[in-house]
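Subject: Structure for you to look through

Dear colleague,

I am passing on the structure we spoke about, and below it you will find notes on what turned up. Please read them with the model open beside you.

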Amino acid sequence: MPEIPEVEIAARRLSAALSGAEVESALAPGMVTMKTVNPPLSALEGRRIERVRRIGKMPVVEFDGELSLLVHLMSAGRLQAFDKRASLRDKRSRLLIRLADGRELRLREFGTKQRAWAKLLPAADVADDEMVVTLGPEAWPAPPLEELAAAIDQPRHLHPMLRDQRVIAGIGRSWVDEILWEARLSPFHKGSDLDSEEVERLHAGLDVLGRALEHYEEVIGDTVPDKLPMPLRVHRRQGEPCPRCGTTLEAVHFAEHVMTYCPEEQTGGKVHKDRRLSRLLK
Ligand SMILES: [Zn+2]
């Protein structure tokens, strides 16, 4: 699941590689990928890519003539540039933007489900799109402390709440574990129960996103690989020692994600029940 650091580095690399490139044609092999019909994809023909940026976890490809492609990668989508065009038999292709120089900007999706989507919009309409207008403040760069405090002042557990894009934008299942571990906060703590010192720790914990991005800037070349070298320290490392205090990291498994934490530093020594007995099944 690409989150802020992964989408930001991909947007930067795509922008550097593609700005100025002219579109020859565009097509969507994914039958349910395009969520808009007007303007049609053919409206991109002959336009140049101006830049690629990011809103929350969504890449935005901007074309001259004030058209923008808003992309939602969902859990398994990737937006990448390739030197050669994809075979139309590639079942992972959802959207192909063929460039006049022979390259291709491709939205691919791994796995069997078709969930990733895109919208082609007049640039001026992007900010008002329902997926954009409902977003909370960007998690990186971190919002002012008071804005974060107000956003999370809700009687909800921190782990799901920080992943809720309407509360704060750009955090998902991987980085939420790192942020809460950095802040030494329980994933089961409720936002409205945090005192001001805990909110400050959470605010400082958001720095892991910027550090991850710095890491990617150092290790990733011109092309972003399918699988990023994510500098995670606790997420999915249950059973290993906490990098800070040495206590064995614990996890709770949910249907589609795993929550990893240090019981010594985050939950006051309490190990939360995990019906999957993760460590025995590992
Ligand atoms: Zn620890």
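The largest pocket has a volume of about 590 Å³, where a pocket is an open set of points on a 1 Å grid over the protein atoms alone, where a 1.4 Å probe fits, with protein on both sides within 12 Å along at least five of seven lines, and where lining residues have an atom within 4 Å of a point. The volume is the space filled by probe spheres set on the points, which are joined across faces, edges and corners. Its lining has 27 residues, and M1, P2, S75, R78 and M230 are the closest to the centre. Helix 1 (4-18) and strand 5 (77-82) each give two or more residues to this lining, and helix 1 gives the most, with five; helices (H or I, at least four residues) and strands (E, at least two) are DSSP runs, numbered from the N terminus.

This is a predicted model, in which local features need pLDDT of at least 70 and side-chain atom pairs count only at pLDDT 80 or more, while totals for chains, interfaces and linings use all residues. Residues are numbered from 1 along each chain as its sequence is written, and side-chain values use heavy atoms, with hydrogens and water left out.

The second largest pocket has a volume of about 330 Å³, and among its 15 lining residues M1, K57, H72, M74 and Q165 lie nearest the centre.

In the backbone, a cis peptide bond with omega about 5° joins N38 and P39, and P39 sits in the loop between strand 1 (23-27) and strand 2 (49-55).

Best wishes
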